[in-house]
Each structure stands twice: as structure tokens, then as C-alpha cells.
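Please look first at the sequence and the model displayed below.

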Amino acid sequence: MRTATAPLPSGVVDDGAAMEIALEEAAAASAHGDVPIGAVVLVDGDLIARRHNERERSGDPTAHAELLAVRDAARVAGDGWRLDRATVVVTIEPCAMCAGSLVAARVERLVFGAYDPKAGACGSVYNLCVDPRLNHEITVVAGVRAEAATALLDTFFAGLRAGDRSYP
């Protein structure tokens, strides 16, 4: 079930505009106690999916923004499970589970904001998207609006450390 916070715009969306939408999604995640990570999927410049983390909301450990957006995009694209013309834009570097799903879906490009030095799998801890041993490699663009993505995360975790009851 799609739970995007706003309608999908039509027309060509560039990486910067797509990241702005991903940041909006990330903010929506923190509003219901989830880590503020947002993701969008573009196919041929058209935004076809937008999601945010829903692990706390759904009780599903796999409900990461990237996975939810890729699932929605596969349904919308109508090409089965292959997203070979897709760009996934996410506010933080994907973890191993999410990076693996992007490779499995044959995503063409990944654009992310901030690196994740603890769990990142697209250049930080691991580099699954460009591992030549796998059956597909993804073009990776890092650092788009990294400061804004980091600020959302810092604010969220500062609230947790301070005992803010609006967080889980």
C-alpha cells in the first residue's frame, strides 16, 4: 500500500528536485517515529514512486524507504521486476539489504545524500552497487544535499537521546 505524503509530480525531475522530495519523505518518517530516510524512484525522468521508512509504523524490519519505493515502482513501471531505466534517489547511503535489492532490480542509477559510515553499502562499509562479482553494477552519485539529510538524522537522534516522547 502506497503511503506517500503528496502526489507524484509529472514531467522530468532532476536529481536535485528528486532529492528535495526524498527529504520531504524523510521528514514524514520522523513524524511517526521512524528514522528519517526518504526515497524516490525516477524512470526516464518521471517520478513514479516516493516512500519513507516505516519500520516502526508497520513493525516490518524490511520496511526501509528504498525497498518500499522499489516495490511501488516495479508495480507502476509495469515491466515486471526489472527497473533497468530507473534512478533511485535516497537521503542516506543504502544498507546492504537495500543495496542488494537495487542490484537485484537492475536499477540503472543510485543518487544518495549522506554517507552512512556504520552501515552504508554503496561506498562506506561495503560497495555492493559496483562489485564486479555481482550480476549488475549501478552508477552511484553521492553527496546530493548531504547536509540536509544529515541534519534530519541528527535532529531525530538528538530527540531520542533527550528522551523526547514523540519518538519511539
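The text that follows treats a helix, then salt bridges, then aromatic pairs.

The model is predicted: local features need pLDDT of at least 70, side-chain atom pairs count only at pLDDT 80 or more, and totals for chains, interfaces and linings use all residues. Residues are numbered from 1 along each chain as its sequence is written, and side-chain values use heavy atoms, with hydrogens and water left out.

Helices (H or I, at least four residues) and strands (E, at least two) are DSSP runs, numbered from the N terminus. Helix α1 covers residues 15-31, which makes 17 residues. From its first C-alpha to its last, α1 reaches 25 Å, close to the 24 Å expected at 1.5 Å a residue; the expected span is 1.5 Å times one less than the number of residues. At the N-terminal end, aspartate 14 caps α1, with a side-chain oxygen 3.2 Å from the backbone nitrogen of glycine 16. After α1 comes glycine 33, whose phi is positive, near 85°.

A residue is called buried under 20% relative accessible area, exposed over 50%, and partly exposed in between (1.4 Å probe, protein chains only). The buried residues of α1 include Ala18, Ile21, Ala22 and Leu23. Against which elements do the buried residues of α1 pack? They pack against β1, β2, β3, β4 (109-114) and α5 (146-161).

Side chains of opposite charge can pair when their charged atoms come close. A salt bridge is a side-chain nitrogen of Lys or Arg within 4 Å of a carboxyl oxygen of Asp or Glu, and the structure holds nine of them. In one, the closest N and O atoms of aspartate 44 and arginine 85 are 2.8 Å apart. Aspartate 44 lies in the loop between β1 (38-43) and β2 (46-52), and arginine 85 in the loop between α3 (65-77) and β3 (86-92), so the pair ties together parts that are 41 residues apart in sequence. Arginine 85 is partly exposed, at 38% relative accessibility.

Arginine 51 forms a salt bridge with glutamate 54 (3.5 Å, N to O) and another with aspartate 72 (2.7 Å, N to O). Because arginine 51 lies in strand β2 and aspartate 72 in helix α3, the latter pair ties together parts that are 21 residues apart in sequence. Both arginine 51 and aspartate 72 are buried. Salt bridges that share partners join Arg51, Glu54, Asp72 and Arg75 into one network.

Finally, the whole structure has two aromatic pairs. Rings of Phe, Tyr and Trp (its six-membered ring) pair if their centres lie within 6.5 Å; planes under 30 degrees apart count as stacked, over 60 as edge-to-face and the rest as tilted. Phenylalanine 112 and tyrosine 115 have ring centres 5.1 Å apart and planes at 85°, so this pair is edge-to-face. Phenylalanine 112 is buried, at 0% relative accessibility, whereas tyrosine 115 is partly exposed, at 47%.

Definitions and conventions
Contact means heavy atoms within 4.5 Å. A polar contact is a pair of N or O atoms within 3.5 Å; within protein, one must be able to donate a hydrogen and the other to accept it, and residues adjacent in sequence count only if both atoms are side-chain atoms.
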